[in-house]
Amino acid sequence: MPPQIETDEHKALRAAVATLGTKYGRTYMTSVIAAGGHPTELWQEAGKLGYLGVNLPEEHGGGGGGIAELAIVLEELGAAGSPLLMLVVSPAICGTVIARFGTEEQKRTWLPGLSDGSRLMAFGITEPDAGSNSHRITTTARRDPASGDWLLTGRKVFISGVDMADAVLVVGRTEDARTGRLKPCLFIVPTDAEGFHKRPIDMELSAAEKQFELTLDDVRLPADALVGDEDAGLLQLFAGLNPERIMTAAFAIGMGRYALSRAIEYARDRTVWKAPIGVHQAIAHPLAQAHIDLELARLMMQKAAHLYDAGDDTGAGEAANMAKYAAGEACVRAVDQAVHTLGGNGLTREFGLASLITAARVARIAPVSREMILNYVSHQTLGLPKSY
C-alpha cells in the first residue's frame, strides 16, 4: 500500500488522538503556559492511553508501532491546539536510540517509563559554538582509568524540557585510541547528577516547554551510561535525528491545521457587508492554498516515516529533511494567513493565534534551518558541490 494512503488502524488512531486533543485544546495549553507550568495532565493521560510510546517495542511497554504512528499522535494533538513538543524528544529521539542501540539493561530501565509517560528524557546536542555543525561539538568524555567511569565536560544550549526530564541523552565525543581523533558518542546523564547544572534561557517564545543551557562539569557517569557501541556513535546519532525531523514536520503540520481551522471558522461566520467574508476569493483562495501546502507536506512526512520504519535510513534522511522543510514553510504561511484573515482579531488573546506567529518559526529554525536542508538536498540529492 502506498505510504500516503492511511490504513484503517492509522485512521482509528488519528480519530482517537483527536478526541483526546479536543478534550484539552488550546485553552488548556494557554492556561498552562500562563501559569508557567507543564501540560502534566495531558502528558499523563496520553501515556495511560498508550500514545506516548506507540513507536516503542511492545516487550518494553510500547505499542510496537513506528514513527508513522507517533507522528499521527503529535499532528492530531497539535491540530487540536494542544501539541506536546516533548514527543519529539523523549519517545522519538531518545526512545528510538535506546530501543535500537541501547543495552538490555538500558532498555529495561528506560523504555517502559518513556512509553507510559512516567519518565521523560531530554536530548542535548546543540552547543554555543556548534549549531548546525555537529562536528564542532566540544563536550568530551574521558575515562577514569581507576574506576572505568566516564567524566563528561561541556556546555549545551537550547535544550528543551530539562526541568521536566529525569535524564538527558547527551551527545559528546570521546578520543579514538587508534587515531587520537574525537568521535561522537551518546550518554544517558541523570539530571540530578553531581556537576550537572541547568540555567533557563529567557525566551520570547510562549511555550509550555522551557529552553535551557546546560553546564557539565566533570559529571561522573558509570561505564554503562554509554549508549550502544563507542565506535558507532555517528550512526546512532543520525538514527535519532531522522525521527526528530519527521516529528518536527508533524508538529508544524498540526499547528498549521489548528490555525487554518480557526481562520476557516471565522471566514464562515464573519459578515462585514451582506455575506460571510469567506465568500470572497481574496479570503478563500489563500486559505485553500494553505490547506494544499499542509496536505503536500503531510504526504512527504508520511513518506519519510514509511522509509524510516522500513529500515531505509538513507532514503529516510532525504525525505525527513524535505518533510521538515515543507512542513515548516507550510506552517508559517498557514499561521500568517490565519492571522491576516481575522484582521485585528487575529492579534487578540481571545482568538489565540498571535502567539503562533513566533511558534510557527520554530519549525523553520529547529532542529536544523531551512538553509541547511537546502544545502543537504543540493549536494546529497542533486550532486552539487558543497559550499562549506
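**Salt bridges first**

I started at Arg-262, which counts as partly exposed at 22% relative accessibility (buried is under 20% relative accessible area, exposed over 50%, partly exposed in between, with a 1.4 Å probe and protein chains only). This is a predicted model, so local features need pLDDT of at least 70 and side-chain atom pairs count only at pLDDT 80 or more, while totals for chains, interfaces and linings use all residues. Residues are numbered from 1 along each chain as its sequence is written, and side-chain values use heavy atoms, with hydrogens and water left out.

Arg-262 forms a salt bridge with Glu-265, closest N and O atoms 3.8 Å apart; the rule is a side-chain nitrogen of Lys or Arg within 4 Å of a carboxyl oxygen of Asp or Glu. Both residues lie in helix α6, three residues apart, about one turn of the helix. I take helices (H or I, at least four residues) and strands (E, at least two) as DSSP runs, numbered from the N terminus. Glu-265 is partly exposed, at 43%. Salt bridges that share partners also join Glu-6, Arg-14, Glu-75, Glu-76, Arg-257, Glu-295 and Arg-298 into one network.

Next I checked Asp-218 and Arg-142, whose side chains meet in a salt bridge at 3.1 Å, N to O. Asp-218 is in strand β7 (211-221) and Arg-142 in strand β2 (140-143), so the pair ties together parts 76 residues apart in sequence. I then found Asp-149 and Arg-220 meeting at 3.3 Å, N to O, in another salt bridge. Here Asp-149 sits in the loop between β2 and β3 (150-160) and Arg-220 in β7, so parts 71 residues apart are tied together. Asp-149 is buried at 18%, and Arg-220 is partly exposed at 42%.

**Helices and a strand**

I checked α7 (281-309): its 29 residues should span 42 Å at 1.5 Å a residue, and the end C-alpha atoms are 41 Å apart, which agrees. The expected span is 1.5 Å times one less than the number of residues. Gly-311 follows α7 with a positive phi near 90°.

For α3 (67-79), I noted that 13 of the 13 residues are buried, so it is largely enclosed by the rest of the structure.
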